[in-house]
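Here is a short briefing for a reader new to this structure. Please look over the sequence and the model first.

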Amino acid sequence: MAAIKAFHVSDVPNLDQVPEKASLSLYSTRFSKGVELNRAASCRTPNFLLIGHRGHGMNISQSSDSRMKAIKENSLLSFNSAAKFPLDFIEFDVQVTKDDCPVIFHDDVILSAENGTIFEKRVTELCLAEFLCYGPQKEAGKEGKCLYRKTKDGKYDKWNVETDDSLCTLQEAFQKVEPSLGFNIELKFDDYKVYQQDHLTHILQVILRVVFEFARDRPIIFSTFQPDAAQLVRKLQNNYPVFFLTEGGTETYYDIRRNSLEEAMKVCLEGGLQGIVSENKGVFKDPGAVPKIKQSNLSLLTYGKLNNVPEAVYMQYLMGIDGVIVDFVEEISRTVDGMIKPEEATSGEESEANSKLQLSQKELSFLLKLIPELIQQH
């Protein structure tokens, strides 16, 4: 595996294009009052955030759960379907095409078939027109090239979902998605590629120009697994929060900054970032990291399959985690409304759900000790 080259972001010039009225609210104002943050302040989450993963949820073609194949992930249809539920944000992946257009797509490569043979093309090596020719087409009567995905056992499956939709650009998302729904924009980079400083700067500036032109009052969070990109996007702008994504020690990379919550904290504190987004197993395996992160004035969000389990979501709320990225937006939004929102109500409004789910500190400590053993079975 190639090492990711480190560099000093202090050497990078600020982006010269800055919006006049950038939104400094960390969370959506659709269902709660936003909090304006001054630029010097830490980015603390004032409520428990609920974020839709790739919109309405990710796709897993070989999953036995139909919800994983309901709506094409990272599409306008997925985003607007998610907007029907009380979410604060949707999360999606942004890459930049060869001709400098930010597009929304998770995988590093496009998989399709030609003359019965599967081939792959890197998204970043395609021009926009070629990228958009895959999957359903917006033009009536026009047929797009079939998309495939690689399964865990190395086979190729057609990317079939119950309700398909066209591939889209970042600009289209800003223009066509419910405007009060926040965007968690994951800046997508190859895990094992070495990125030079000037190339990273160019890619991030291309994305930022679209954000600054079209975001208006929409709440924005940037996140990325690439530590240099995380610190660089913070250097290039100070209008929107930047979070560092990490597996929290559940995977091992050549770049040690990606291998633990402790290292993630260092990346954030050194680069002036606002928070961490961790794989939830990393947090459950090391629950003692949560108070350390919070004491460092950082926010903490999580992602992962366990976030589709209502009890696991409620457990994280009790631990002091600031929000979760989920696939089952309908079910988990009910959990948040039923279990968590009542606890945040003023006295006299406490619900029956809250009284049933109150845990003592002793019970909470017991569950925290038990969870590392339970997640080994998932």
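Contact means heavy atoms within 4.5 Å. This is a predicted model, in which local features need pLDDT of at least 70, side-chain atom pairs count only at pLDDT 80 or more, and totals for chains, interfaces and linings use all residues. Residues are numbered from 1 along each chain as its sequence is written, and side-chain values use heavy atoms, with hydrogens and water left out.

**Overall**

- The protein has twelve helices and 14 strands. Helices (H or I, at least four residues) and strands (E, at least two) are DSSP runs, numbered from the N terminus.
- Of the 378 residues in the protein, 55% are buried. Buried means under 20% relative accessible area, exposed over 50%, and partly exposed in between (1.4 Å probe, protein chains only).
- Among contacts with a separation of 6 or more, 68% join residues 24 or more positions apart.

**Arg-54**

- Arg-54 sits in the loop between strand 1 (49-53) and helix 1 (76-82).
- Arg-54 is buried, because its relative accessibility is 6%.
- Leaving aside neighbours within four places in sequence, Arg-54 is in contact with Glu-73, Asn-74, Ser-78, Phe-79, Glu-91, Asp-93, His-106 and Arg-149.
- Its side chain also makes a polar contact with the side chain of His-53, at 3.4 Å. A polar contact is a pair of N or O atoms within 3.5 Å; within protein, one must be able to donate a hydrogen and the other to accept it, and residues adjacent in sequence count only if both atoms are side-chain atoms.

**Helix 4 and helix 5**

- Two packed helices are described by the angle between their axes and the distance between the axes.
- Helix 4 and helix 5 (residues 227-236) pack at about 55°, with their axes 10 Å apart. Axes are lines fitted to C-alpha atoms, for helices over the stretch in contact, and angles run from 0 to 180 degrees between N-to-C directions.
- That angle makes helix 4 oblique to helix 5. Angles under 35 degrees count as roughly parallel, over 145 as roughly antiparallel, 65 to 115 as roughly perpendicular and the rest as oblique.
- Helix 4 contributes Gln-197, Leu-200, Thr-201, Leu-204, Gln-205 and Leu-208 to the contact, and helix 5 contributes Asp-228, Ala-229, Leu-232, Val-233 and Leu-236.
- Leu-208 lies in helix 4 and counts as buried, because its relative accessibility is 0%.
- Leu-208 and Leu-236 are 28 residues apart along the chain, and their C-alpha atoms are separated by 8.7 Å.

**Helix 9 and helix 10**

- The axes of helix 9 (residues 310-319) and helix 10 (residues 329-340) come within 10 Å and cross at roughly 45°.
- Helix 9 is therefore oblique to helix 10.
- Pro-310, Val-313, Tyr-314 and Tyr-317 of helix 9 meet Ile-332, Thr-335, Val-336, Met-339 and Ile-340 of helix 10.

**Positive phi**

- Most residues other than glycine have a negative phi, and most peptide bonds are trans.
- Arg-216 has a positive phi, near 55°. Its place is the loop between helix 4 (197-214) and strand 10 (220-224). Arg-216 is exposed, with a relative accessible area of 68%.
- Asn-297 also has a positive phi, near 65°. Asn-297 is found in the loop between helix 8 (289-295) and strand 13 (299-303). Asn-297 is partly exposed, with a relative accessible area of 40%.
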